[in-house]
Amino acid sequence: MLLSWREISVGDGRPISTSLTEAETCELRSLAVDGRVVEVGSAYGYSSVVMGQVAEHVFAIDPHGGFGSLAGDSLAHLRANLAAYDLSHKVSVVVARSAEVLSGLCRAGALFDLVFVDGDHRKDSVRRDVELAWWVLTDGGALACHDYREESCDGVEAALDALFPEGPSRLVDTLWVKTR
Ligand SMILES: C[S@@+](CC[C@H](N)C(=O)[O-])C[C@H]1O[C@@H](n2cnc3c(N)ncnc32)[C@H](O)[C@@H]1O
């Protein structure tokens with residue numbers, strides 16, 4: 001599957017650039033309902049808004065300048081999109097790399113209902129994000145990783161297949177979901 005970037009509105013709101021499909025969006029939204037959520041890789045904020053509308057709270061981690069960062073000032077777009085969707089109070093923007101934030105959350109013993117990984121798609125980075133994410137999930141919590149078997153992101157499949165040879169609990173387009 002090859003995903004394309006395009007502008008999509010969440011409901012009646014302003015369009016946000018993303019590569020998430022409609023089916024992935026629905027799955028992500030249902031996983032986030034009433035949950036405490038960590039997002040790795042926010043870019044312009046499409047997934048942050050989708051989850052922020054239904055979650056208890058979302059921590060949106062992105063260095064906005066790391067590997068694979070996107071055109072333009074993604075941080076400014078993210079903040080503007082959160083404000084436009086009236087979600088600035090429910091989505092905390094964390095400008096940092098995932099490894100340092102997730103390591104800190106592990107050390108603090110923090111727990112979350114959903115971790116959505118859509119950051120640095122290189123194999124070793126995905127592997128590190130997923131290993132750390134697993135430690136901050138509640139029992140019954142969900143790990144969701146974007147771009148599994150996406151044609152331009154082979155590091156995601158390589159990392160996830162190495163860590164979880166038994167495969168995901170669910171696969172929706174390229175959204176790989178494992179329940180803890
Ligand atoms: C594919 S985009 C995310 C798309 C977004 N989830 C959406 O809904 O459209 C990947 C993002 O990961 C970010 N990123 C790169 N390295 C990262 C890291 N170490 N930690 C967190 N985010 C990272 C990039 O800056 C980029 O904004």
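For sorting the residues that line a space, Ala, Val, Leu, Ile, Met, Phe, Trp, Tyr, Cys and Pro are taken as nonpolar, Asp, Glu, Lys and Arg as charged, and the others, Gly among them, as polar. With that division, the lining of the largest cavity separates into four nonpolar, three polar and two charged residues. The model is a predicted one, and a search of the whole of it finds one cavity of 30 Å³ or more. The largest cavity holds about 40 Å³ of space, and the residues around it are Val117, Asp118, Gly119, Asp120, His121, Val126, Cys145, His146 and Val156.

The open space can be described in the same terms. The largest pocket has a volume of about 730 Å³, and of the 42 residues that line this pocket, Gly68, Asp118, Gly119, Asp120 and His121 are the closest to its centre. At least two lining residues come from each of strand 2 (15–18), helix 2, helix 4 (98–108), helix 5 (123–135) and helix 6 (154–163), and helix 5 makes the largest contribution, with three residues.

Which strands pair with strand 9? Strand 7 (residues 137–145) runs antiparallel to strand 9, and four bridges connect the two; within this pairing, Leu143 has Lys178 of strand 9 as its bridge partner. Because four of its five residues are buried, strand 9 (residues 175–179) is largely enclosed by the rest of the structure.

Strand 8 and strand 9 together form a hairpin with two residues between them, and Asp173, in the turn, has a positive phi of about 50 degrees. That value is found in a residue other than glycine, and with a relative accessibility of 34% Asp173 counts as partly exposed. A positive phi of about 50 degrees is also found at Ala43, although Ala43 is not a glycine. Ala43 belongs to the loop between strand 3 and helix 2 and is buried, with a relative accessible area of 14%.

The aromatic side chains come next. A pair of aromatic rings is described by the distance of the centres and the angle of the planes. The count of aromatic pairs comes to four. One of them joins Trp5 and Tyr44 in an edge-to-face arrangement, with 6.4 Å centre to centre and 90 degrees between the planes. This pair links distant parts of the chain, since Trp5 is in the segment before strand 1 (6–9) and Tyr44 is in the loop between strand 3 (36–40) and helix 2 (46–52), 39 residues apart. Tyr44 is buried, having a relative accessible area of 11%, whereas Trp5, at 46% relative accessibility, is partly exposed.

Phe59 and Phe112 form an aromatic pair that is also edge-to-face, at 5.9 Å centre to centre and 80 degrees between the planes. Phe59 lies in strand 4 (residues 57–61) and Phe112 in strand 6 (residues 112–117), so this contact ties together parts that are 53 residues apart in sequence. Phe112 is buried with a relative accessible area of 2%, while Phe59 is partly exposed with 27%.

Finally, the charged side chains form seven salt bridges. Among them is the contact of Arg127 with Glu131, at 3.4 Å from N to O; because these residues are four apart in helix 5, about one helical turn separates them. Both are partly exposed, Arg127 with a relative accessible area of 31% and Glu131 with 38%. Arg128 and Asp129 meet in a salt bridge of 3.5 Å, N to O, in which Arg128 is partly exposed at 32% relative accessibility and Asp129 is buried at 0%. A salt bridge of 3.2 Å, N to O, brings together Glu157 and Arg149; Glu157 is partly exposed at 26% relative accessibility, and Arg149 is partly exposed at 46%.

Technical notes. Residues numbered from 1 in each chain as written. Predicted model: local features only at pLDDT ≥ 70, side-chain atom pairs only at ≥ 80, totals over all residues. Heavy atoms only, no water. Phe/Tyr/Trp six-rings, centres within 6.5 Å; stacked < 30°, edge-to-face > 60°. Buried < 20%, exposed > 50% of the residue type's maximum accessible area, 1.4 Å probe, protein only. 1 Å grid on protein atoms, 1.4 Å probe; cavity = no way out; pocket = protein on both sides within 12 Å on 5 of 7 lines; lining within 4 Å. Points joined across faces, edges and corners; volume = space filled by probe spheres on them. Pairing = 2+ DSSP bridges. Salt bridge = Lys/Arg side-chain N within 4 Å of Asp/Glu carboxyl O.
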